[in-house]
Amino acid sequence: MATSKSEYGATFLTFIALLLEIFVLVSGSGNLPVLRDLFFAQVEWHGKFTRMGLWGSCYGDVGKGVSECSVPTVPFKWPEAEGLGIQLSVDLPNSIYLALFILYWIAFLATALAMQATLFTFFKKLPEFILMLVSLMATGALFIIFIIIVVSASKFKNASSGDEVSGQIGNATWMVLGAMIASGLATVWYTFNCLCGRKRTTAFDDLKA
């Protein structure tokens, strides 16, 4: 493991980002505790609600909680959310949902790679540069995801009548924001270490000594 004390903060921030991303990764994937309670956005219509996650929607009656979840699909398109008895319109191209899914996996894998590299790398200056780029990639992807979700949640409409439908941001969206902030701070830390830090020492160096 890397033993440079200056890396502990970046490693902790990367871990926090990865943990939040794991929670978001399972959102809307099934009618089980946690899985059904994590969602990007929720829409309510005449006493019913549906929640949009990464993999699908969970829905039920307002005040009674989730009664059922849709079958996970890739990519999950928000206008296809079930449970309201109406067809939703988001006024965005359907390709945006595939982009959302791909970007999320880019962010998750980049964060996981940064976490692995900062713990188990056997190199010195080069990995700091790689960590900086990988962490920056994750931060950028999470930023775009957050913007897509916020914009989509503000455009819910009844497809048949054109009436606006009440929508609100869910807890998974705030987890994306938290992961983005943690990843961004880790990127700054990695950048500082890369440009200004001393040479990293690793467990491999200790063995050679």
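Asp37 counts as partly exposed because its relative accessible area is 36%; here buried means under 20%, exposed over 50%, and partly exposed in between (1.4 Å probe, protein chains only). The model is predicted, so local features need pLDDT of at least 70 and side-chain atom pairs pLDDT 80 or more, while totals for chains, interfaces and linings use all residues. Residues are numbered from 1 along each chain as its sequence is written, and side-chain values use heavy atoms, leaving out hydrogens and water.

**Salt bridges**

Let's stay with Asp37 for a moment. Its side chain meets that of Arg51 in a salt bridge, a term that requires a side-chain nitrogen of Lys or Arg within 4 Å of a carboxyl oxygen of Asp or Glu. By this rule there are two salt bridges, and the other joins Asp61 and Lys48.

| Salt bridge | N to O distance |
|---|---|
| Asp37 – Arg51 | 3.8 Å |
| Asp61 – Lys48 | 3.2 Å |

Asp61 lies in strand 3 (residues 57-61) and Lys48 in strand 2, so this pair ties together parts 13 residues apart in sequence. Helices (H or I, at least four residues) and strands (E, at least two) are DSSP runs, numbered from the N terminus. Asp61 is partly exposed at 30% relative accessibility, and Lys48 is partly exposed at 34%. Arg51, by contrast, is buried, with a relative accessible area of 17%.

**The chain as a whole**

Five helices and seven strands make up the secondary structure, in the order α-β-β-β-β-β-α-α-β-β-α-α. Of the 209 residues, 47% are buried. Among contacts (heavy atoms within 4.5 Å) between residues at least 6 apart in sequence, 69% join residues at least 24 apart.

Which residues does Thr111 contact, leaving aside its neighbours within four places in sequence? They are Thr14, Ala17, Leu18, Glu21 and Ala138. Thr111 belongs to helix 2 (residues 95-120) and is buried, with a relative accessible area of 4%. Its side chain also reaches the backbone oxygen of Ala107 at 2.8 Å.

How values were computed. A polar contact is a pair of N or O atoms within 3.5 Å; within protein, one must be able to donate a hydrogen and the other to accept it, and residues adjacent in sequence count only if both atoms are side-chain atoms.
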